Amino acid sequence: MSSGSATGVLPSTLRELPRWLEGTGGFPALLKALRQGNAATVDGSWNSSAALVAATLALQAPTTLLVVLAHPRDLDAWDEDLFSFSGLRSTIFPAWDALPNADTVVDEIGGKRLRALRALESDQPPKIVLTTIQALLQPAPNREQLARQRKRLRVGQDIPIDQIVAWLVEQSFQRMEAVEIPGEFSQRGGILDVFSPDAEAPYRLEFVGDQIESIRQFSPETQRSLGEVHAVDISTQGTPGDDKMLRGHLCDCLPPKAWTMLVEIGDLEEQGKYYLERSADLTGLFSVQGVFKQLVQFPSIRLSALPAASAETTYHLRVESVERFSGDVTKVRDELDNAAASDFVLIACHNEAEKKRLGDVLAQGKLAQADRLRLVVGHVRAGFRL
């Protein structure tokens with residue numbers, strides 16, 4: 001639930017809150033500082049209001065906003081909150097639980113990291129990239145290394161199928177009867193199936209002689225086509241000990257006009273040091289201060305719940321935490337009436353059915369009768385009062 005003072009017009013959806021926030025005192029100065037390439041601070045961001053600030057800034061950022069969290073367990077909740085407030089899906093850059101080694105051919109986390117880097121290289125990079133301090137302490141390929149470890153194949157290209165197979169074997173792809181997981185390939189005459197580590201499904205390349213006649217993505221479970229493509233990039237993952245890969249940092253691949261957001265910098269520093277202390281091998285890892293140095297090369301925002309002394313442009317978000325309401329839905333109406341006697345109230349419901357059920361219960365309450373209550377579909381991890 002999020003609620004605001006009874007000034008202005010009550011938003012009817014969560015996605016209207018960023019526009020409301022932009023109109024509050026101090027926010028234009030915050031945007032001006034970032035657009036001029038300077039750093040800024042936002043304090044007073046309790047609970048899901050932190051995601052609201054991030055969503056509002058992402059909508060205004062020239063390109064990508066990189067949001068850095070202290071705890072991997074918070075990624076999914078932040079992703080849902082950001083989507084509810086902005087309508088934008090985050091690209092998540094995750095951390096390995098254990099770094100891959102020379103014996104690792106491919107793994108799910110490595111594939112997700114490669115997909116995020118590929119998205120950042122595109123003509124339309126994601127507006128929001130969500131990551132953790134642990135993921136940023138771990139190395140990643142830079143742009144030059146990504147290009148070197150990638151083979152681009154296109155329809156109409158003249159290239160012997162045996163040449164591609166030799167490259168796949170050299171890059172440690174596994175030859176199988178049928179591909180099922182990333183890092184595998186199979187060949188049947190003039191048909192080559194390849195499951196690139198950074199792809200969500202494998203590709204089927206059909207040859208006529210030495211020419212690629214068609215490329216399509218397909219489901220490995222059903223073999224059904226997922227659509228034809230004109231070209232495809234086959235990538236290799238690499239490992240931290242591999243001289244060819246993982247010598248760069250995520251920030252190497254951020255667009256030039258990206259902004260970065262450090263959520264609770266004290267927690268970031270603490271969790272970063274804890275991760276390094278429990279790592280058996282520090283080879284290839286960055287230091288916490290090294291990561292911070294990378295992040296603040298861009299216009300950066302320090303986001304915190306508590307006020308902090310800062311010489312930067314500071315936006316004070318006037319937010320209070322909202323206590324959890326009782327589990328008895330029949331009591332929620334009275335609790336809301338007492339807690340928000342002069343507020344507008346938005347309640348985020350998971351779906352339309354929940355919205356209708358709760359609306360029926362709250363319809364006779366003082367808030368609803370005074371037209372100061374809105375039920376909306378969306379996700380708010382933890383309530384707040386603006």
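Alanine 308 is partly exposed, with a relative accessible area of 44%. In this predicted model, alanine 308 belongs to the loop that runs between β15 and β16.

Let me turn to helix α2. Its buried residues include Phe27, Leu30, Leu31, Ala33 and Leu34. These residues cover an arc of only 160° around the axis, and they therefore lie on the same side of α2. What covers them? Among the elements over the buried residues of α2 are the helices α1 (17-22) and α3 (49-60). The strands β2 (40-43), β14 (259-263), β15 (300-303) and β16 also take part in the cover. Just after α2 comes glycine 37, with a positive phi of about 90°.

How many aromatic pairs does a search of the whole structure find? The search finds one. The partners are phenylalanine 27 and tyrosine 315, with ring centres 5.2 Å apart and planes at 90°, so the pair is edge-to-face. Phenylalanine 27 lies in helix α2 (residues 27-35) and tyrosine 315 in strand β16 (residues 313-316), so the pair ties together parts that are 288 residues apart in sequence. Are these two residues buried or exposed? Both phenylalanine 27 and tyrosine 315 are buried.

I now come to the charged side chains. The count of salt bridges in the model is 12. One of them joins arginine 152 to aspartate 233, with the closest N and O atoms 3.0 Å apart. Arginine 152 lies in strand β6 (residues 150-154) and aspartate 233 in strand β13 (residues 231-235), so this pair ties together parts that are 81 residues apart in sequence. How does accessibility compare across this bridge? Arginine 152 has a relative accessibility of 53% and counts as exposed, whereas aspartate 233, at 17%, is buried.

Aspartate 193 takes part in two of the bridges I wish to show. With arginine 188 the distance is 3.4 Å, N to O. With arginine 204 the closest N and O atoms are 2.7 Å apart. The second pair links distant parts of the chain, for arginine 204 is in strand β10 (residues 203-208) and aspartate 193 is in strand β9 (residues 191-194), 11 residues apart. Aspartate 193 counts as buried, at 2% relative accessibility. Arginine 204 is buried as well, while arginine 188, with a relative accessible area of 37%, is partly exposed.

Arginine 204 has a further contact to show. Its charged end sits over the ring of phenylalanine 218, 4.3 Å from the ring centre. Another arginine placed over a ring is arginine 15, which lies over the face of phenylalanine 83 at 4.8 Å from the ring centre. Elsewhere, salt bridges link Asp79, Glu80 and Arg89 in a network.

The strands β9 and β10 also lead us to a sheet. Six strands form an open sheet with mixed pairing, in the order β7-β8-β9-β10-β11-β12. Which strands stand at the edges? They are β7 (174-175) and β12 (225-229); each has a single partner strand, so one side of each is left without a neighbour in the sheet. The partner of β12 is strand β11 (residues 211-218), and the two pair in the antiparallel sense over four bridges. Within this pairing, isoleucine 215 stands opposite valine 229 in β12.

Finally, I would like to consider the backbone. Most residues other than glycine have a negative phi. Asparagine 47 has a positive phi, near 50°, although it is a residue other than glycine. Where is asparagine 47 found? It is in the loop between β2 and α3, and with a relative accessible area of 24% asparagine 47 is partly exposed. Aspartate 371, which is not a glycine either, has a positive phi of about 60°. Its place is the loop between α13 (366-369) and β19 (373-377). At 48% relative accessibility, aspartate 371 counts as partly exposed.

Definitions and conventions. Residues are numbered from 1 along each chain as its sequence is written. This is a predicted model: local features need pLDDT of at least 70, side-chain atom pairs count only at pLDDT 80 or more; totals for chains, interfaces and linings use all residues. Side-chain values use heavy atoms; hydrogens and water are left out. A salt bridge is a side-chain nitrogen of Lys or Arg within 4 Å of a carboxyl oxygen of Asp or Glu. Buried means under 20% relative accessible area, exposed over 50%, partly exposed in between (1.4 Å probe, protein chains only). Rings of Phe, Tyr and Trp (its six-membered ring) pair if their centres lie within 6.5 Å; planes under 30 degrees apart count as stacked, over 60 as edge-to-face and the rest as tilted. A charge sits over a ring if NZ of Lys or CZ of Arg is within 6 Å of the ring centre and within 35 degrees of the ring normal. The arc is that of the directions from the helix axis to the C-beta atoms. Contact means heavy atoms within 4.5 Å. Two strands pair if DSSP finds at least two bridges between them.
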